[in-house]
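Subject: Structure for you to look at

Hello,

I am passing on a structure that you have not worked with before. Please have it open while you read the notes below.

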Amino acid sequence: MEEVESGESGGKGEGGTIMSVYRPSYRTKTGEKKISQVWWYNFRFAGKSIQKSSKSTKKTVAREAEKNERRELEKRYAGIPTDRKSVV
């Protein structure tokens, strides 16, 4: 499942998994369709869907945030200590 918004597409990431970076769309109270300025990413890891905001308006920064999140998850999954304290 890959979401694409405003002509932007995700690509193949590490291990051939599909990684998606996109800007979600929404409707205002008046019904006007708008596209968010902030980029989001989503991917699947260990059978779980991960979807987070990159908190950035730049696509390249969003791609890096996605790569970093995936790398952190892979390290924790492998039992390698990381700087973050959250659990998969």
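Strand 5 and strand 6 (residues 48-56) run antiparallel and are joined by seven bridges. Strands are DSSP runs of E with at least two residues, helices are runs of H or I with at least four, and both are numbered from the N terminus. Two strands pair if DSSP finds at least two bridges between them. Strand 5 and strand 6 form a hairpin with two residues between them, and in the turn Ala 46 has a positive phi of about 50 degrees. Along the pairing, Tyr 41 stands opposite Lys 52 in strand 6, and Phe 43 stands opposite Ile 50.

Please keep in mind that this is a predicted model, in which local features need pLDDT of at least 70 and side-chain atom pairs count only at pLDDT 80 or more, while totals for chains, interfaces and linings use all residues. Residues are numbered from 1 along each chain as its sequence is written, and side-chain values use heavy atoms, with hydrogens and water left out.

Strand 5 is largely enclosed by the rest of the structure, because five of its seven residues are buried. Buried means under 20% relative accessible area, exposed over 50%, and partly exposed in between (1.4 Å probe, protein chains only).

How many aromatic pairs does a search of the whole structure find? There are two. In one of them, the ring centres of Tyr 41 and Phe 43 are 6.2 Å apart and the planes are at 15 degrees, so this pair is stacked. Tyr 41 and Phe 43 are both buried. The rings of Phe 45 and Tyr 77 have centres 5.5 Å apart and planes at 80 degrees, so that pair is edge-to-face. It links distant parts of the chain, with Phe 45 in strand 5 (residues 39-45) and Tyr 77 in helix 1, 32 residues apart. Phe 45 counts as buried because its relative accessibility is 10%, and Tyr 77 counts as exposed because its value is 60%. For these pairs, rings of Phe, Tyr and Trp (its six-membered ring) must have centres within 6.5 Å; planes under 30 degrees apart count as stacked, over 60 as edge-to-face and the rest as tilted.

Helix 1 (residues 59-78) also holds Asn 68, which is partly exposed at a relative accessible area of 38%. The side chains of Asn 68 and Arg 71 are joined by a polar contact of 3.0 Å. A polar contact is a pair of N or O atoms within 3.5 Å; within protein, one must be able to donate a hydrogen and the other to accept it, and residues adjacent in sequence count only if both atoms are side-chain atoms.

As for the protein chain as a whole, it has one helix and six strands, in the order β-β-β-β-β-β-α from the N terminus on. Of its 88 residues, 27% count as buried.

Last, the confidence. The mean pLDDT (the predictor's confidence in each residue, from 0 to 100) is 82 for the protein chain, and 73% of its residues reach 70 or more. Over residues 1-9 the pLDDT is below 50. Where pLDDT is low, the predicted coordinates should not be read in detail.

Regards

Methods. Contact = heavy atoms within 4.5 Å.
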